Amino acid sequence: MATCFFSLPNSFPSKPKSHKRPIHSSSLTSQSQKIHLLNLISDQERGLKTQSDPQKLSQIIQAIDDLGSIGRDTVTTGSSLSATWRLLWTTEKEQLFIIKNASFFGTKAGDVLQVIDVEKKTLNNVITFPPDGVFFVRSTIEVASSQRVNFRFTSAVLRGKNWEFPLPPFGQGWFETVYLDDDIRVVKDIRQDYLIVERAPYTWKE
């Protein structure tokens, strides 16, 4: 991703009495806006269908802007940014091209991930090709502000079951996480591309 894109897939003790906390209207607003956005992208095949639907694209971008307005004053570049993020939707043409055309190589695109470690200042953009293939781009990152992260690609690798082909690095830029919670992350980048990812239920490692 020029965003540096790149998101597989008790027993119950008795409950103590607790005091209910009031539900703030801002929380309700962010939750409803989030649900609206996720509904808009739910049938878009990670963005493939949106490429030929300008009206849907406009609706999704408006929903992103609305959610971003809610998260405008929040810090999204702290430790909660560190995670394995799985792609839900994007406008990044290069990424969507690979997803769409993976069948030409006798496979299909699996999970598309962005693996971030704020403390180690690293980011891996990953496209998996089950059962054994993967393409990933290594990057270094620097937190630039409360929502912006600068990145620089350092290397790329195309890997199969018993082989590996290194590729040269190819760029740098920045991305802004305009909304972040326990479930999803919404991103704009230097190329005015958009990215929506969810926290993956596993941790990807090289």
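## Surface and overall make-up

The protein exposes about 11900 Å², and carbon and sulfur atoms supply 54% of that. Accessible areas here come from the Shrake-Rupley method with a 1.4 Å probe, and for residues only the protein chains shown count as cover. This is a predicted model, in which local features need pLDDT of at least 70 and side-chain atom pairs count only at pLDDT 80 or more, while totals for chains, interfaces and linings use all residues. Residues are numbered from 1 along each chain as its sequence is written, and side-chain values use heavy atoms, with hydrogens and water left out.

Of the 206 residues in the protein, 44% are buried. Buried means under 20% relative accessible area, exposed means over 50%, and partly exposed is in between (1.4 Å probe, protein chains only). As for secondary structure, there are three helices and nine strands, and along the sequence the pattern reads α-α-β-α-β-β-β-β-β-β-β-β. Helices (H or I, at least four residues) and strands (E, at least two) are DSSP runs, numbered from the N terminus.

## A nonpolar patch on the outside

Leu158, Trp163, Phe165 and Leu167 form a nonpolar patch on the surface, and together they have about 370 Å² of accessible area. Patches are made of residues with over 30% relative accessible area and no salt bridge; like charges are joined within 9 Å, and nonpolar side chains (Val, Leu, Ile, Met, Phe, Trp, Tyr) within 5 Å. Leu167 sits in strand β6 (residues 164-167), and it counts as partly exposed because its relative accessibility is 31%.

In soluble globular proteins, nonpolar side chains tend to be buried together. Here the largest nonpolar core has 27 residues, and Ile99, Ile116 and Phe175 have the most contacts inside it. Two or more residues each come from β1, α3, β2, β3 (122-129), β4 (133-143), β5 (148-159), β7 (172-180) and β9 (194-199). The element that gives the most is β5, with four residues. A nonpolar core is a set of buried Ala, Val, Leu, Ile, Met, Phe, Trp, Tyr and Cys residues joined through side-chain atoms within 4.5 Å.

Leaving aside its neighbours within four places in sequence, Ile99 is in contact (heavy atoms within 4.5 Å) with Arg46, Leu48, Leu87, Ala109 and Val112. Apart from this core lies another one, of 14 residues, including Leu40, Ile64, Leu67 and Tyr179.

Helix α3 spans 93-101, and its buried residues are Gln95, Leu96, Ile99 and Asn101. Among the elements that cover them are β1 (83-90) and β2.

Over in strand β5 you'll find Phe151, which counts as buried because its relative accessibility is 4%. Phe151 and Gly173 are 22 residues apart in sequence, yet their C-alpha atoms are 5.5 Å apart in space.

## Salt bridges across the chain

Side chains of opposite charge can pair when their charged atoms come close. The whole structure holds 11 salt bridges, each being a side-chain nitrogen of Lys or Arg within 4 Å of a carboxyl oxygen of Asp or Glu. One of them pairs Asp65 with Lys188, with the closest N and O atoms 3.0 Å apart. Asp65 is in helix α2 (residues 54-70) and Lys188 in strand β8, 123 residues apart. Both ends are partly exposed, Asp65 at 28% relative accessibility and Lys188 at 25%.

Arg86 and Asp111 also meet in a salt bridge (3.4 Å, N to O). Arg86 lies in strand β1 and Asp111 in the loop between α3 and β2, so the pair ties together parts that are 25 residues apart in sequence. Arg86 is buried at 14% relative accessibility, and Asp111 is buried at 8%. Another bridge joins the side chains of Lys121 and Glu142 (3.6 Å, N to O). Lys121 is in the loop between β2 and β3, whereas Glu142 is in strand β4, 21 residues away.

## A buried aspartate in a loop

Asp193 is found in the loop between β8 (184-189) and β9. Its relative accessible area is 9%, so Asp193 is buried. A polar contact of 2.8 Å joins the side chains of Asp193 and Thr91. A polar contact is a pair of N or O atoms within 3.5 Å; within protein, one must be able to donate a hydrogen and the other to accept it, and residues adjacent in sequence count only if both atoms are side-chain atoms. Not counting residues up to four places away in sequence, Asp193 touches Thr91, Glu92, Val187 and Lys188.
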